[in-house]
Structure formats: C-alpha cells, structure tokens
Amino acid sequence: VNTLDVMPEFLQQAGSPLTKELVGRPFSQALTDTKRFAARPHFWHYPLDAPHFLGGRSAGAIREGEWKLISFYDDNTQELYNLRLDPSESHNVLRDHPAVAAKLRRKFEAWRQS
C-alpha cells in the first residue's frame, strides 16, 4: 500500500465510483488478499531540476515482487536491488541480473509513456 491507494480507498468506502484517472487501488482488499495485491508493480517518478536540499536525487523507480530498479535522471545510472535479500538496499546487483533490470526498465518506461 502506498499513498496513491488512499484516495481510491476513501472513494470506495464512501460508495463513490472510482475513476480511471486514479492510479492507486483501494487497499482494504490487501488486508484479506495480500498475494494478489502485492503482485502489482509500484512506480515512483521524482523529477527534480536540482538536487533536493535533503540529498534526494532526480529519479524514478519500479518495484515488482522482490525487485526494485531505480533510474537516476541526473546521470542516467541505474541500481537494482533484491529487497527480499537486501531490504536496506545496500548491494546494487544490476550487473548480476541484467535480464531482470532490462525487464523492469521496459515496464517502467511503458508506465512513464502511459
């Protein structure tokens, strides 16, 4: 569940229709159907004109299952993490899993284009 899921949840609880513009999904289903809910990819897009004053960089990311790919927009580098084995994102395994990175990169770019 992330913040994109809050508005759809509120709308569903209020009995209002969900519009196609909403990216998230109501999260109450995650309380009973965690496998199906967790299976969907999660996307982030955080473009910045300059580095954030707290150190954040211009980047985007996709998480699908145990994998997370981060694409940094400022220098076109990428990092890949297996969150099941490395939840603190300490070991970039991009070179060890190029096929995983390529698959996630294609999904992320398709999401950005949509």
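These legends go with a few close-up views of a predicted model.

Residues are numbered from 1 along each chain as its sequence is written. In this predicted model, local features need pLDDT of at least 70 and side-chain atom pairs count only at pLDDT 80 or more, while totals for chains, interfaces and linings use all residues; side-chain values use heavy atoms, with hydrogens and water left out.

**View 1. The whole chain, end to end.**

**View 2. D75 and R57 join two loops.** Their side chains meet in a salt bridge, 3.1 Å from N to O. (That term means a side-chain nitrogen of Lys or Arg within 4 Å of a carboxyl oxygen of Asp or Glu.) D75 sits in the loop between β3 and β4, and R57 in the loop between β1 and β2. Look for D74 too: R57, D74 and D75 are linked in a network of salt bridges.

**View 3. K107 reaches E64.** The closest N and O atoms of this salt bridge are 2.7 Å apart. E64 is buried, at 17% relative accessible area, but K107 is partly exposed, at 32%. (Buried is under 20%, exposed over 50%, partly exposed in between, with a 1.4 Å probe and protein chains only.)

**View 4. E89 meets K68.** This salt bridge is 2.9 Å, N to O. E89 lies in the loop between β4 and α3, K68 in strand β3.

Note on methods: Helices (H or I, at least four residues) and strands (E, at least two) are DSSP runs, numbered from the N terminus.
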